[in-house]
Amino acid sequence: MASIAVCPGSFDPITNGHLDIITRGAKVFDQVYVVLLNNSSKNPLFSVEERIELIKMVTKSLPNVNVDSFQGLLVDYAEAVRANAIIRGLRAVSDFEYEMQITSMNRVLNEDIETFFIMTNNQYSFLSSSIVKEVAKYGGNISELVPPEVERALNGKYVKKA
């Protein structure tokens, strides 16, 4: 039986920290679905379509990674693609409490889907999409924080708004 994992997030935009988790997950699982969950409580900079395209661009070298979007419960998506695992990245201890709550609820909804936490590489432990957007908005250097395709897309968004 193939091991299939889902790596969810809003990815607005995808950062090198996200890419680190996805790449490492792709080494462990036969298939990884990077699924953009459309979070109605967030006001994204990039549209769902733009985020999907950016994720596809930066994961094109990973043949066992698929990119998709979904609205609804993550476990429903995982069941639909026959995933037996969810990959979640942890940056710091502060992430753990929130992730534990989500994992516990997912376990109530479907006890057959395991959650695997991957600690981010230390160089990305401070990194979030929000921080990247803030730095980009004010013209700061984000070249070490995001892939080049994402840097260009961010610069394009903020040049248009300036």
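Helices (H or I, at least four residues) and strands (E, at least two) are DSSP runs, numbered from the N terminus. The exercises below concern a predicted model, in which local features need pLDDT of at least 70 and side-chain atom pairs count only at pLDDT 80 or more, while totals for chains, interfaces and linings use all residues. Residues are numbered from 1 along each chain as its sequence is written, and side-chain values use heavy atoms, with hydrogens and water left out.

**Exercise 1. The loop between β1 and α1**

Task: Determine where P13 is found, and describe the peptide bond that joins D12 and P13.

Solution. 
Step 1. P13 belongs to the loop between β1 and α1.
Step 2. The bond joining D12 and P13 is a cis peptide bond, with omega at about 0°.
Step 3. F11 is found in the loop between β1 and α1 as well. Its phi is near 50°, a positive value in a residue other than glycine.
Step 4. Burial is judged by relative accessible area: buried means under 20%, exposed over 50%, and partly exposed in between (1.4 Å probe, protein chains only). F11 has a relative accessible area of 3% and is therefore buried.

**Exercise 2. Salt bridges**

Solution. 
Step 1. A salt bridge is a side-chain nitrogen of Lys or Arg within 4 Å of a carboxyl oxygen of Asp or Glu.
Step 2. K133 is buried, at a relative accessible area of 17%, and D12 is buried at 5%.
Step 3. K157 and E50 also meet through their side chains in a salt bridge, at 3.1 Å from N to O. Because K157 lies in helix α6 (residues 148-161) and E50 in helix α2 (residues 48-58), the pair ties together parts that are 107 residues apart in sequence.
Step 4. K157 counts as buried at 17% relative accessibility, whereas E50 counts as partly exposed at 31%.
Step 5. R107 forms a salt bridge with E114, and the closest N and O atoms are 3.4 Å apart. R107 is partly exposed at 39%, and E114 is partly exposed at 36%.

**Exercise 3. Surface patches**

Task: Identify the residues that gather in a patch of negative charge and those that make a nonpolar surface patch.

Solution. 
Step 1. Patches are made of residues with over 30% relative accessible area and no salt bridge; like charges are joined within 9 Å, and nonpolar side chains (Val, Leu, Ile, Met, Phe, Trp, Tyr) within 5 Å. Accessible areas come from the Shrake-Rupley method with a 1.4 Å probe, and for residues only the protein chains shown count as cover.
Step 2. Lys and Arg count as positive and Asp and Glu as negative, while His and the chain ends are not counted. The place of a charge is taken as NZ of Lys, CZ of Arg, CG of Asp or CD of Glu.
Step 3. The patch of negative charge on the surface is formed by D76, E79, E111 and D112. Among them, E79 is placed in helix α3 (residues 74-80) and is partly exposed at 41% relative accessibility.
Step 4. L73, M105, V108 and L109 make a nonpolar surface patch of about 390 Å². M105 is found in helix α4 (residues 93-109) and is partly exposed, with a relative accessible area of 47%.

**Exercise 4. Two further loop residues**

Task: Decide whether R82 is buried or exposed, and find the residue whose side chain makes a polar contact with that of Q123.

Solution. 
Step 1. R82 is found in the loop between α3 and β4 (85-90). At 68% relative accessibility, R82 counts as exposed.
Step 2. Although R82 is not a glycine, its phi is positive, at about 60°.
Step 3. Q123 is placed in the loop between β5 (114-119) and α5 (129-137), and it is partly exposed at 48%.
Step 4. A polar contact is a pair of N or O atoms within 3.5 Å; within protein, one must be able to donate a hydrogen and the other to accept it, and residues adjacent in sequence count only if both atoms are side-chain atoms. The side chain of Q123 makes such a contact with the side chain of Y124, at 3.2 Å.
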